[in-house]
Amino acid sequence: MGLSTTVSATTDDDQADGLQLVIHANVEIDNQIEKAVEDADKLQENYLLEVGNLEAEEEIAALTNTYNEQLDKIITEVYDVTLQTSNDAIAEAAEYGIEAECSWVLVEFADRSVWIDPIRVIGRN
């Protein structure tokens, strides 16, 4: 009887550790998203200030291409990093008996909306 209580307590402790992994990963993901949103907003602000001072279509087109390339880079980096963070945490939490999945949320990066992937716990094994 005492042995099964110990096993159950260990399992609960393991699951608590797994939940902490998910919480920690989500905080990390939130921080990465927040920084990327700030970078994207700053990039857009600078772009709008600069484009307002240009008259030639070629200059506007060149600036717009640069803006889009830089924004793509910000978005791609945060998407890739957060997806890897989610996948790693989901796999590690599973080792502790926590079943989790990506829970996609729509995030605004300057003038674009992108689905990013925090983690949602869906069960315990």
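Start by selecting T82, which lies in helix 2. Helices here are DSSP runs of H or I with at least four residues, strands are runs of E with at least two, and both are numbered from the N terminus. This is a predicted model, where local features need pLDDT of at least 70, side-chain atom pairs count only at pLDDT 80 or more, and totals for chains, interfaces and linings use all residues. Residues are numbered from 1 along each chain as its sequence is written, and side-chain values use heavy atoms, with hydrogens and water left out.

**Stop 1: T82**

Is T82 buried or exposed? T82 is buried, at 0% relative accessibility. Buried means under 20% relative accessible area, exposed means over 50%, and partly exposed is in between (1.4 Å probe, protein chains only).

Then show Y79. Its backbone oxygen lies 3.2 Å from a polar atom of the T82 side chain.

**Stop 2: the salt bridges**

Side chains of opposite charge can pair when their charged atoms come close. A salt bridge here is a side-chain nitrogen of Lys or Arg within 4 Å of a carboxyl oxygen of Asp or Glu. How many salt bridges does this rule give? The count is three.

Select K35 and D39. Their side chains form a salt bridge, 2.8 Å from N to O. Both sit in helix 1 (residues 2-51), four residues apart, so about one helical turn separates them. D39 is partly exposed, at 33% relative accessible area.

Next, pick R112 and D72. The closest N and O atoms of this salt bridge are 2.2 Å apart. The pair links distant parts of the chain: R112 is in strand 3 (residues 112-116), D72 is in helix 2 (residues 57-95), and they are 40 residues apart. R112 is partly exposed at 23%, and D72 is partly exposed at 38%.

Move on to R120 and E101. Here the closest N and O atoms of the salt bridge are 2.0 Å apart. This pair also links distant parts of the chain, with R120 in strand 4 (residues 119-124) and E101 in strand 1 (residues 98-102), 19 residues apart. R120 has 41% relative accessibility and counts as partly exposed. E101 is partly exposed too, at 29%.

**Last stop: E45**

Finish with E45, found in helix 1. E45 is partly exposed, at 44% relative accessibility.

Methods: Polar contact = N/O pair within 3.5 Å; in protein donor to acceptor, adjacent residues only side chain to side chain.
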